[in-house]
Amino acid sequence: MIATSLERVPASAAAMLHASNLLTYASLLAGLGAMIAASWYQARSIAGMGMALIVLLDTFDGRFARRFVRTSAEREFGVQLDSLADAVNSGVVPVAVMLGLLPAMSRPAAAVWIAAAFIYLLGVVTRLGFYNLTHEEGKNFVGLPAPVAALTVATMLLWPVASLPAAILMSAAGLAMISPVRIPRPSGAGLFLFVLWPVVVFICHAR
């Protein structure tokens, strides 16, 4: 819906920069760092740490944002910004990191990898588009959340990467994101256990 109230129409995109989105901005910086670490330095552990940090920041960015007093436009913008950041952090970053770390491949292997990367990216943007339509209000996620798919890739980076296992993992993650499977939304002890996953991955990469 196009905003018609003057209160809801920002003067420019810069006017939507808001402290409530600091964790989302930080996650983009972590994603950029992960891509640089992988593509420039082949630093697998640093890239894995960056991707684990992204998931931690994404887990709490909504709770952080709700602590601020925001206009309706700022709240709506926060939802869109979170989804756009997820498209980068959970979609582009894992693919770019893998491309930076994978060894040289034959043409057939490269073709398989490109197909797998496309399936993964297609899964991410489709999953996030579906989320934007529904906001998934309720007790369940429908399909694998995109940050969980990215965290799976970060976990895989605990070991040296190879093209075929990476292609299989990313294809499976892409299909899981658009599947109709319902996953309980974590809360309480479940949320603690989920947060423990990226924390452990981060620590293991840091060792």
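**Exercise 1.** Which backbone oxygen does the side chain of Ser179 reach, and at what distance?

*Solution.* The structure is a predicted model.
Step 1: locate the residue. Ser179 sits in the loop between helix H6 (163-177) and strand S2 (182-184).
Step 2: identify the partner. The Ser179 side chain reaches the backbone oxygen of Ala176, and the distance is 2.8 Å.
Step 3: list the contacts beyond the sequence neighbourhood. Leaving out residues up to four places away in sequence, Ser179 touches Val142 and Gly143.

**Exercise 2.** Determine how H1 is oriented relative to H3, and describe their contact.

*Solution.* Two packed helices are described by the angle between their axes and the distance between the axes.
Step 1: take the geometry. The axes of helix H1 (residues 22-41) and H3 come within 8 Å, crossing at roughly 10°.
Step 2: classify the angle. Angles under 35 degrees count as roughly parallel; H1 and H3 are therefore roughly parallel to each other.
Step 3: sort by class. The contact of H1 with H3 has 13 nonpolar, six polar and one charged residues.

**Exercise 3.** Determine how H1 is oriented relative to H2, and describe their contact.

*Solution.* Step 1: take the geometry. H1 and H2 have axes 8 Å apart and pack at an angle of about 170°.
Step 1: classify the angle. Angles over 145 degrees count as roughly antiparallel, so H1 is roughly antiparallel to H2.
Step 2: sort by class. The contact of H1 with H2 has 15 nonpolar, four polar and one charged residues.

**Exercise 4.** Characterise the largest pocket by volume, lining and composition.

*Solution.* Step 1: state the volume. The largest pocket has a volume of about 1100 Å³.
Step 1: describe the lining. It comprises 38 residues, and Asp58, Asp61, Asp82, Tyr131 and Arg185 are those nearest the pocket centre.
Step 2: assign the lining to elements. At least two residues each come from helix H2 (44-65), helix H3 (72-101), helix H4 (107-134), helix H5 (146-156), S2 and helix H7 (189-206). H2 supplies the largest share, seven residues.
Step 3: sort by class. The lining has 17 nonpolar, nine polar and 12 charged residues.

Definitions and conventions. Residues are numbered from 1 along each chain as its sequence is written. This is a predicted model: local features need pLDDT of at least 70, side-chain atom pairs count only at pLDDT 80 or more; totals for chains, interfaces and linings use all residues. Side-chain values use heavy atoms; hydrogens and water are left out. Helices (H or I, at least four residues) and strands (E, at least two) are DSSP runs, numbered from the N terminus. A polar contact is a pair of N or O atoms within 3.5 Å; within protein, one must be able to donate a hydrogen and the other to accept it, and residues adjacent in sequence count only if both atoms are side-chain atoms. Contact means heavy atoms within 4.5 Å. On a 1 Å grid over the protein atoms alone, a cavity is a set of points where a 1.4 Å probe fits but cannot get out, and a pocket is an open set with protein on both sides within 12 Å along at least five of seven lines; lining residues have an atom within 4 Å of a point. Grid points are joined across faces, edges and corners, and a volume is the space filled by probe spheres set on the points. Ala, Val, Leu, Ile, Met, Phe, Trp, Tyr, Cys and Pro count as nonpolar, Asp, Glu, Lys and Arg as charged, and the others, Gly among them, as polar. Axes are lines fitted to C-alpha atoms, for helices over the stretch in contact, and angles run from 0 to 180 degrees between N-to-C directions. Angles under 35 degrees count as roughly parallel, over 145 as roughly antiparallel, 65 to 115 as roughly perpendicular and the rest as oblique.
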